Amino acid sequence: MRADRLVATLLLLQARGRVTATEVAAELAVSERTARRDLEALATAGIPVYPQRGRGGGWALVGGARTDPVGLTVGEIRELFLVPGVPGVADVPGVPSVPDEGATPHLRALERAVVDGSQVRLGYERPGGAADERIVHPLGLATKAGVRYLVASTGAAGGPGALRIFRLSRVTSVEPTGDPAVRPEGFDLAVAWRSLASTAEERTRAATVRGRAERGAEAALRALFPGRLRLGRPLAHGWMTFEADGPSPQALAAQLAGLGARIEILAPREARDHLARLAAELAALYGPPAAPRAG
């Protein structure tokens, strides 16, 4: 486990006074890059570790201080367990860089679950659906552009095939079950995040629509499809071509519906048919627009 390695690195620092990343790598049988990241993680967690540059440099505890791992504060221990996912965690392309204020209410409870290694009953709201509950094994927390995510296993045995990403802003409740979480052997949060993020990105690009849009609609299209939009050549009468990627033709049509007659989907047929059904349903519900009142 990464936290065990961080504590081992700290003990090595205390025993030798000063170490290099090469020495840590040899002692703990890891790569030099991993050793350097672990040393940086200790500093990030608030442990008084600092690098010394130049000949004979390395890493040392500030002023030769000694830190008893058993005497670390709860906050410092929490940082040791949560820092592993921070270095090297890959961003998910196409996610807007906005703060996720809604993630705050259950963040501390999930931090405790990760640190304590305990299962939780997680209330989670799917996009456009009602919240439900499931038992999960919290394994780590990650942040993408200000948006926080939980990486957890939903399988009874905690197998790699059951790993999932949960957006914290959609978490509605966190209730510890009292049962220990099962951590997959050799689990690495950064590696798991990159794999899960790649799968999520593939799902957001499973379908493509092609169409035409009025010139001037570029900003609205970019806002709808960040990183998943390709603007094409200009057409006659102030139009231009575009392509956009999404999870399905129906989902893409629903997103584009808000632009009204400023866009026209040309393909695939499923997207055009879905947009036509939406228009018919709305017309049946609301009827024709009221005539403007005379001044």
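Helices α8 and α9 cross in a right-handed sense; a crossing is left-handed if the near helix is turned anticlockwise from the far one by less than a right angle, and right-handed if clockwise. The axes of α8 (residues 249–256) and α9 (residues 269–286) come within 8 Å and cross at roughly 50°, so α8 is oblique to α9. Angles under 35 degrees count as roughly parallel, over 145 as roughly antiparallel, 65 to 115 as roughly perpendicular and the rest as oblique. Axes are lines fitted to C-alpha atoms, for helices over the stretch in contact, and angles run from 0 to 180 degrees between N-to-C directions. Helices (H or I, at least four residues) and strands (E, at least two) are DSSP runs, numbered from the N terminus.

This is a predicted model, in which local features need pLDDT of at least 70 and side-chain atom pairs count only at pLDDT 80 or more, while totals for chains, interfaces and linings use all residues. Residues are numbered from 1 along each chain as its sequence is written, and side-chain values use heavy atoms, with hydrogens and water left out.

The loop between β12 (263–267) and α9 contains Pro-268. The peptide bond from Ala-267 to Pro-268 is cis, with omega near 0°. Most residues other than glycine have a negative phi, and most peptide bonds are trans. Ala-29, in the loop between α2 (21–28) and α3 (32–44), has a positive phi of about 60°. Ala-29 is exposed, at 71% relative accessible area (exposed means over 50%, buried under 20%, partly exposed in between, with a 1.4 Å probe and protein chains only). His-237 also has a positive phi, near 60°; this residue lies in the loop between β10 (229–234) and β11 (239–246) and is exposed at 77%.

In helix α5 (residues 107–116), the buried residues are Leu-107, Leu-110, Glu-111, Ala-113 and Val-114. They cover an arc of only 160° around the axis, so they sit on the same side of α5; the arc is that of the directions from the helix axis to the C-beta atoms. Gly-117 follows α5, with a positive phi near 65°.

There is one aromatic pair, where rings of Phe, Tyr and Trp (its six-membered ring) pair if their centres lie within 6.5 Å, and planes under 30 degrees apart count as stacked, over 60 as edge-to-face and the rest as tilted. The rings of Tyr-124 and Phe-166 have centres 5.0 Å apart and planes at 85°, so the pair is edge-to-face. Tyr-124 belongs to strand β4 (residues 118–125) and Phe-166 to strand β7 (residues 163–167), 42 residues apart. Tyr-124 is buried at 5%, and Phe-166 is buried at 0%.
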